[in-house]
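Come along and look things up with me.

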Amino acid sequence: MLKKTQLCGIIIALIASSSAWAADQTITLKDGRQVILYDNFTWQYKAQTNHPTTSPTLKTTTAIPVIATSAMAIPVISALKGVAVEIGSKKAIQQLSNSGIDVLLTAAHYENGTLIIPTMMTNQSSKSVVNVTMKVRLSNSDGQTIATDEFTVWRSINRMPDTYFRPKTQHQGKPITFDVPKAERYFIDAEITDVDMR
C-alpha cells in the first residue's frame, strides 16, 4: 500500500513539474522590455501599462547604426552569360528538352575559324519527328554577345517516312557552328524553339 502511495505521489509531482515547465514564461531584456515566451514556441512583447497616478516618462532609444558596406548590400544580378563552352574539354556542354526531344550539346572543338558543337538527339516521345529547330546565342568571357543564330539540328525529308526521327531512338543531329575568333572559353545560351512531329 505504501509503495502505491509513493508511486502516485511521484506521478503527481512529475505531472505538476511538467505543466509548470510548459507554462508561459516572461523574461526581461537588457533594455527593460519584457517578452512572453509561450509553450508553443512563439513569443511576443509584453504590453507596457502606464499608471495614471505616475507621470509618463519618455523613453529614449538609440537606433542601431547602419553601416554602409558593400558586404551588406544586396548584390546586383548581371545578365547571365550562359553555359560555359571550353575548347579541349571532353565533357558534354548541356542537355535541352522540349516535347519529348532531348538534345545533348557535346564537347566543342575549334577548326579552321569555326566553333563546332556536335549534337546528339533522343526521341522520348511516342511520335516521329521531322524537324527540330534551336535558337542559340554565343557570348565571350565578358558576357558580350558575339553571335546569334537559329539552327535546324534535325530535318527529315517531307513524305519520306524512312527519314523520320522515330520514337524511342537516338541519332546524331547537325552540329551547331559559329564563325568566330578562337578563344579558350565561350558561353552559350540555347533553347529548342520548334519540334515538328508526325
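Predicted model: local features only at pLDDT ≥ 70, side-chain atom pairs only at ≥ 80, totals over all residues.

How many bridges join strand E9 to E10? I looked there and found 9, between E10 and the E9 stretch at residues 129–139, with the two strands running antiparallel.

Residues are numbered from 1 along each chain as its sequence is written, and side-chain values use heavy atoms, with hydrogens and water left out.

**Entry: the whole chain.** I counted 1 helix and 12 strands in the protein chain. These are DSSP runs numbered from the N terminus (helices are H or I with at least four residues, strands are E with at least two). Along the sequence, the pattern is α-β-β-β-β-β-β-β-β-β-β-β-β. Of the 198 residues, 25% are buried. Here buried means under 20% relative accessible area, exposed means over 50%, and partly exposed lies in between (1.4 Å probe, protein chains only).

**Entry: the sheet.** Next I followed an open sheet of 4 strands, in the order E4-E12-E9-E10, with antiparallel pairing. Strand E4 (83–86) and strand E10 (145–155) are at the edges with a single partner strand each, so one side of each has no neighbour in the sheet. Neighbouring strands here are turned by 35 degrees against each other on average, direction ignored. For the terms, two strands pair if DSSP finds at least two bridges between them, and axes are lines fitted to C-alpha atoms, with angles from 0 to 180 degrees between N-to-C directions.

**Entry: aromatic pairs.** I found 2 aromatic pairs in the structure. Rings of Phe, Tyr and Trp (its six-membered ring) pair if their centres lie within 6.5 Å; planes under 30 degrees apart count as stacked, over 60 as edge-to-face and the rest as tilted. Phe151 and Phe178 form an edge-to-face pair, 5.3 Å centre to centre with 85 degrees between the planes. This pair links distant parts of the chain, as Phe151 is in strand E10 and Phe178 in strand E11 (residues 169–178), 27 residues apart. Both Phe151 and Phe178 are buried.

Trp154 and Phe165 form a tilted pair, with 5.0 Å between centres and 40 degrees between planes. Trp154 sits in strand E10 and Phe165 in the loop between E10 and E11, 11 residues apart. Trp154 and Phe165 are buried as well.

**Entry: a surface patch.** Which residues make the nonpolar surface patch of about 380 Å²? They are Ile27, Leu37, Trp43 and Tyr45. Patch residues have over 30% relative accessible area and no salt bridge, and nonpolar side chains (Val, Leu, Ile, Met, Phe, Trp, Tyr) are joined within 5 Å, like charges within 9 Å. A salt bridge is a side-chain nitrogen of Lys or Arg within 4 Å of a carboxyl oxygen of Asp or Glu. I located Ile27 in strand E1 (residues 25–28); Ile27 is partly exposed, at 36% relative accessible area.

**Entry: positive phi.** Ser99 is not a glycine, yet has a positive phi of about 55 degrees. Ser99 lies in the loop between strand E5 (94–98) and strand E6 (101–105) and is partly exposed at 44%. Lys168 also has a positive phi, near 60 degrees. I found Lys168 in the loop between E10 and E11, exposed at 61%.

Note on methods:
Areas by Shrake-Rupley, 256 points an atom, 1.4 Å probe, with all protein chains shown as cover.
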